[in-house]
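Please examine the sequence and the coordinates together. The account below is intended to be read with both in view.

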Amino acid sequence: MSALPRSVKLLIAGATLLGIGCVAIRVPQIATWDLTDILAVLLIASLTIVTERNSIPLRHGSETVNFALTDGVWAGALLLVSPSVLTVSVLLGVGVGQAWNRWKPYKIAYNVSQFLIGITLAEAAFAILGVWGDGPTDPVMWLAVLGAMYVSFAVNATAIMLVVSMVEGTSFLAVFRLPLSLNVVHWLGNMALGLLAALLWTLEPIALVLMVAPVALTFSTYRRWVESIRERDQMRDLYEAGRALSGPLASDDDFGGFLSLLEKLLPADRVELVLVEGNRVAVHASAGVRHLLVEDADTAPLEAFVAVRSGVSPQIAMVGDGQDVRGVLAVYRAQVLTATERLLLDGLADQIAVRLQDHRLFGTALERARLSEIVSHTSDGVFVVDTRGRITTWNPAMEALSGFSERQAVGQRCDDVLGLDRDSFFFQDDAGDGEPRDTWVHTRDGDKQVRLRTSVIRDEEGAPPARIAVVRDAGEEARAEQIKRDFVSMVSHELRTPLTPLKGFLLSLVEGTVEDSAEKRQEYYRIMLRQAQRLERTVNDMLDVSQIEAGGLVIDLQPVPLDHVLTRLVREFRQQHPERTVRMSDVGRSAVVMADPFRVEQVVLNLLSNADKYTPADLPISVSAVPIGDQATISVRDRGEGIPSEHRDRIFDRFYRVTEGDGPRRQGSGLGLYIARTLVEAMGGRIWVYSDVGVGTTFSFSLPVVDLAIVGEAEAHELPGEPFRPVLVRG
Ligand code: ADP
């Protein structure tokens with residue numbers, strides 16, 4: 001009762017008070033009763049008990065609607081006995097009948113009360129309507145009974161639906177709709193039977209015997225009818241339960257919907273599905289799932305996981321064969337399951353096992369699909385060799401590495417394809433599993449050195465073990481190693497070189513071991529400044545590269561007038577390199593480009609300092625900017641040593657430096673052109689080089705020219721004083 005909503009409790013209390021009132025108003029009449037009245041009460045109450053005990057329950061949601069012949073008995077009584085006799089008969093009959101049925105006290109109180117209210121109102125209606133009739137044989141009186149009992153029926157139906165809708169939280173009318181049609185037909189039949197019995201009692205009591213057969217017939221018809229409704233509902237629930245089980249295989253953790261349907265279907269207080277996997281136990285119920293860790297769960301009997309609750313004995317069905325799937329379906333219900341229900345339970349348990357197995361198979365298939373997806377996308381060559389040395393799997397990276405397609409390789413002996421001997425490479429010892437080995441393999445373009453790592457793969461079904469081999473191009477690997485080494489040596493060289501003169505001059509100045517004239521000091525400062533700048537450049541380059549690699553390069557695009565930028569840059573460069581001749585040509589006609597001004601400066605400065613670095617001091621460098629179509633091309637030209645053709649493709653690569661030749665090894669990190677290329681491309685341009693060894697080199701890059709009409713339009717919409725500054729961030 002405590003679980004009932006407050007409104008329901010109030011409803012029960014109110015009805016009970018009214019019910020007591022209905023009995024109280026009859027007390028003066030009861031005081032005048034004779035023996036006939038008492039016998040009449042006993043008879044009507046007994047009949048009520050019999051009909052109540054033989055009521056037919058129809059479950060509706062969480063509540064049960066009962067069908068009984070009771071109101072037929074009362075209709076007859078209304079015609080024959082006084083209101084006080086009927087009221088007391090209803091009180092006794094319903095109260096004892098329902099107590100006997102072991103209904104909960106609050107339900108009995110509510111039911112008795114609402115019947116008392118109904119019958120009291122019916123008695124009042126009959127008193128009014130009965131004025132026009134005369135005795136039980138007068139059809140007018142029959143109509144009066146019908147009218148009066150209708151009042152009782154309406155009170156009764158309303159009272160039940162009210163409480164159902166309150167408990168279930170549904171709308172009152174929605175609940176009312178379903179059993180109403182059933183109730184009306186049932187009620188009319190009851191009325192006819194009651195009136196007939198009353199008539200026979202008045203005219204020829206012995207003829208009542210004839211009523212037994214039609215009453216029994218009516219009763220069994222009701223029973224069949226209600227049962228068929230129940231069966232139909234069960235079929236629907238069963239269908240829903242099956243559907244809940246065969247639903248999408250997204251998770252095997254979701255049995256809530258199925259279990260709550262099963263609870264309704266059986267019906268049971270609770271249904272649990274306990275699934276055991278290793279020492280993990282999952283207890284599923286309609287409200288959700290609980291996971292437990294139980295030691296030795298895999299060997300414990302399944303019954304051990306079914307909780308025992310007071311008053312309800314769990315009835316169980318095994319799920320699965322105990323090997324792949326191990327579980328138990330437990331039904332908590334006071335009554336023992338009928339044979340049909342047991343069959344149903346076993347059938348559903350089997351269906352659960354099938355679902356779980358399906359889910360597992362699906363999981364394995366999915367896992368395999370994912371694995372094969374990974375293998376086909378990995379940059380390492382992967383292939384599988386069976387015990388006979390034949391290739392069974394060949395991934396795209398293997399194709400790229402060897403030049404042999406999957407079609408050419410699969411089914412062939414790996415000896416024939418790669419020249420790898422089955423015994424020495426795959427099956428000579430199981431212990432050497434996973435150790436990488438360097439070896440030569442055949443490829444379409446001749447032999448290639450590779451690093452090979454093999455391991456055993458065993459199939460679950462116990463098939464003979466195959467070998468999986470992961471292959472890497474040893475040359476690639478060596479190149480990667482070399483790049484790493486180059487980087488370390490570059491960093492140590494480039495950072496340390498400028499530090500040595502810096503520290504040397506500072507030390508000499510502090511210790512006073514060098515000539516300390518104002519002029520000389522100026523010279524030392526200039527040298528130190530240059531070294532500091534060189535350090536700064538290297539550190540900046542490295543920061544830029546790490547930003548590029550991390551995908552965090554930020555480019556702030558805006559219209560950039562090339563002539564301004566280039567003129568300023570060249571002026572500054574000349575100041576820093578007074579001995580170098582730097583010419584500017586064509587810049588006057590240059591355009592406005594869409595670029596990041598800071599990055600444009602960075603690129604041009606880089607090209608200028610390279611030209612300076614690789615060109616004898618007495619030869620000039622020239623800078624130009626020429627708009628062609630929607631691009632502007634900026635070029636830096638020198639008459640230096642030039643770049644041998646075999647290096648031209650690679651000088652834009654990270655760390656790449658041209659080291660050969662007999663010229664002195666120049667300082668540098670091999671990062672400048674790599675950064676320049678990345679920046680230019682990020683701004684939507686391109687960079688390239690023309691070079692002739694011994695003649696000179698021209699580096700050029702292009703940038704998109706701004707359509708000035710669009711800029712003008714945009715500027716017109718800007719707030720005064722705010723420059724047009726579209727921002728684009730590239731990662
Ligand atoms: P570095 O720090 O070595 O200059 P860069 O990436 O700027 O690195 O240049 C890569 C290589 O390209 C240089 O090592 C050099 O050999 C070559 N290079 C660049 N610019 C010129 C040029 N103007 N003349 C000749 N060689 C050049």
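The paragraphs that follow treat helix packing, then the ligand surroundings, then one tryptophan.

The model is predicted, so local features need pLDDT of at least 70 and side-chain atom pairs count only at pLDDT 80 or more, while totals for chains, interfaces and linings use all residues. Residues are numbered from 1 along each chain as its sequence is written, and side-chain values use heavy atoms, with hydrogens and water left out.

Helices (H or I, at least four residues) and strands (E, at least two) are DSSP runs numbered from the N terminus. Axes are lines fitted to C-alpha atoms, for helices over the stretch in contact, and angles run from 0 to 180 degrees between N-to-C directions. Helix 1 (residues 6-24) and helix 6 (residues 105-129) have axes that come within 8 Å and cross at roughly 50°. The two helices are therefore oblique to each other; angles under 35 degrees count as roughly parallel, over 145 as roughly antiparallel, 65 to 115 as roughly perpendicular and the rest as oblique. Helix 1 passes helix 6 in a left-handed crossing, that is, the near helix is turned anticlockwise from the far one by less than a right angle, whereas clockwise gives a right-handed crossing. Contact means heavy atoms within 4.5 Å. On the helix 1 side, Leu11, Ile12, Ala15, Thr16, Leu18, Gly19, Cys22 and Val23 meet Tyr106, Ala109, Tyr110, Ser113, Leu116, Ile117 and Thr120 of helix 6. This contact has eleven nonpolar, four polar and no charged residues. In this classification, Ala, Val, Leu, Ile, Met, Phe, Trp, Tyr, Cys and Pro count as nonpolar, Asp, Glu, Lys and Arg as charged, and the others, Gly among them, as polar.

The axes of helix 3 (residues 35-53) and helix 4 (residues 70-80) also come within 8 Å, crossing at roughly 160°. That angle makes helix 3 roughly antiparallel to helix 4. The crossing of helix 3 past helix 4 is right-handed. Helix 3 contributes Ile44, Leu47, Thr48, Thr51 and Glu52 to the contact, and helix 4 contributes Thr70, Val73, Trp74 and Ala77. These residues divide into five nonpolar, three polar and one charged.

Attention now turns to the ligand. How many residues surround the ligand? There are 19, with Asn610, Asp638, Arg657, Ser669 and Leu673 the closest; a residue is counted if one of its heavy atoms lies within 4 Å. Polar contacts are pairs of N or O atoms within 3.5 Å. A polar side-chain atom of Asn610 lies 2.9 Å from a ligand oxygen atom. From the backbone, an N or O atom of Leu673 is 2.8 Å from an oxygen atom of the ligand, and a polar atom of Gly672 is 3.4 Å from a ligand oxygen atom.

Finally, Trp688 belongs to strand 18 (residues 686-692). Asp649 is 39 residues from Trp688 in sequence and 9.3 Å away in space, C-alpha to C-alpha. Beyond its neighbours within four places in sequence, Trp688 is in contact with Thr633, Phe652, Thr698, Phe699, Ser700, Phe701 and Ser702.

Definitions and conventions:
Polar contact = N/O pair within 3.5 Å; in protein donor to acceptor, adjacent residues only side chain to side chain.
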